Amino acid sequence: MVADDAPTIDQALASFLAEKQAATKPRAFRNYAEIVELLELSLNGYAYDSLDRFERRRWEQAFEAGDEEAFTKLFGPDKIPPHLGAFLGYFMIRKVIVPATLTAAAGRVTRELVEWLAAQGWIEATALADAVDRSDDAARDLPRAERLGRLLHEQAQRSRIDQDALADEDYVEDTLWIERVEPSALWFEGDIGPVPVSAAAAKLAQPGWSMYVVLRRQGGTWHVLEVGNVYP
């Protein structure tokens, strides 16, 4: 059961960081501090969608009065676990540009955070289990997705295809799901493939992931010309 005297999100996160700072070397603590700061930005920018009607009205009054950080000041840490999917799967990929090491640490730090919140009695056990699953998935998948995007971008930079010489039906620019992965090729939804990739890229890719891509078909084979974000 969640404690009746639970603090606000800001207060809870400050307490979490204080404990980590006391027990962690300065270089390692920077990851905690930066990821918690990003989590606060994400909560204040996007988590209002999860509020019920009465909470939403309370938040809107504060936000419209000029407090852009109203969400984390008004609500308790029980609002953190439901937002982790959006934070790890959207905000950390699309809304910020951070070093790969910080992206890789996001899953681990958020897992430690929700486990700490549960130990304080501030989130439910069921919320903890779901949040831990999300954080573990992110710890595994975010670094892989970042590396995949980098490899495909490097491949696209080496492309020598003359775009002007190809027909419109041989051009795709969209965010597409990976439908299947072969040892040296990807297939995207809509039976778009094969798209030749390196063996290293194929080992990283997973069916069900999505990415923004620009593809051109030549001789029955699709080639990567541009790659954006990869979403696990």
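T72 is buried, with a relative accessible area of 1%; buried means under 20% relative accessible area, exposed over 50% and partly exposed in between, for a 1.4 Å probe and protein chains only. The structure is a predicted model, in which local features need pLDDT of at least 70 and side-chain atom pairs count only at pLDDT 80 or more, while totals for chains, interfaces and linings use all residues. Residues are numbered from 1 along each chain as its sequence is written, and side-chain values use heavy atoms, with hydrogens and water left out.

**Surroundings of T72**

- T72 belongs to helix α4 (residues 70-74); helices (H or I, at least four residues) and strands (E, at least two) are DSSP runs, numbered from the N terminus.
- Not counting residues up to four places away in sequence, T72 touches T8, I9, D10, E40, L43 and N44, where contact means heavy atoms within 4.5 Å.
- The T72 side chain reaches the backbone oxygen of E69 at 3.4 Å.

**Helices α2 and α5**

- Two packed helices are described by the angle between their axes and the distance between the axes.
- The axes of α2 (residues 26-46) and α5 (residues 84-95) come within 10 Å and cross at roughly 105 degrees.
- That angle makes α2 roughly perpendicular to α5; angles of 65 to 115 degrees count as roughly perpendicular, under 35 as roughly parallel, over 145 as roughly antiparallel and the rest as oblique.
- Axes are lines fitted to C-alpha atoms, for helices over the stretch in contact, and angles run from 0 to 180 degrees between N-to-C directions.
- From α2, I35, L38, L39, L41, S42 and Y46 meet L84, F87, Y90, F91, M92 and K95 of α5.

**The sheet**

- An open sheet is formed by 5 strands in the order β3-β2-β1-β4-β5, with antiparallel pairing; two strands pair if DSSP finds at least two bridges between them.
- The edge strands, β3 (192-196) and β5 (221-231), each pair on one side only.
- From one strand to the next, the twist averages 45 degrees.
- Strands β1 (residues 171-182) and β2 (residues 185-188) run antiparallel and are joined by 4 bridges.
- R180 stands opposite W187 in β2.
- Helix α7 (residues 125-157) packs on the sheet, touching β3, β4 (210-218) and β5, and its direction makes about 145 degrees with that of β5.

**Surroundings of S210**

- S210 is found in strand β4 and counts as buried at 8% relative accessibility.
- Leaving aside neighbours within four places in sequence, S210 is in contact with T175, L176, W177, N229, V230 and Y231.

Note on methods:
A polar contact is a pair of N or O atoms within 3.5 Å; within protein, one must be able to donate a hydrogen and the other to accept it, and residues adjacent in sequence count only if both atoms are side-chain atoms.
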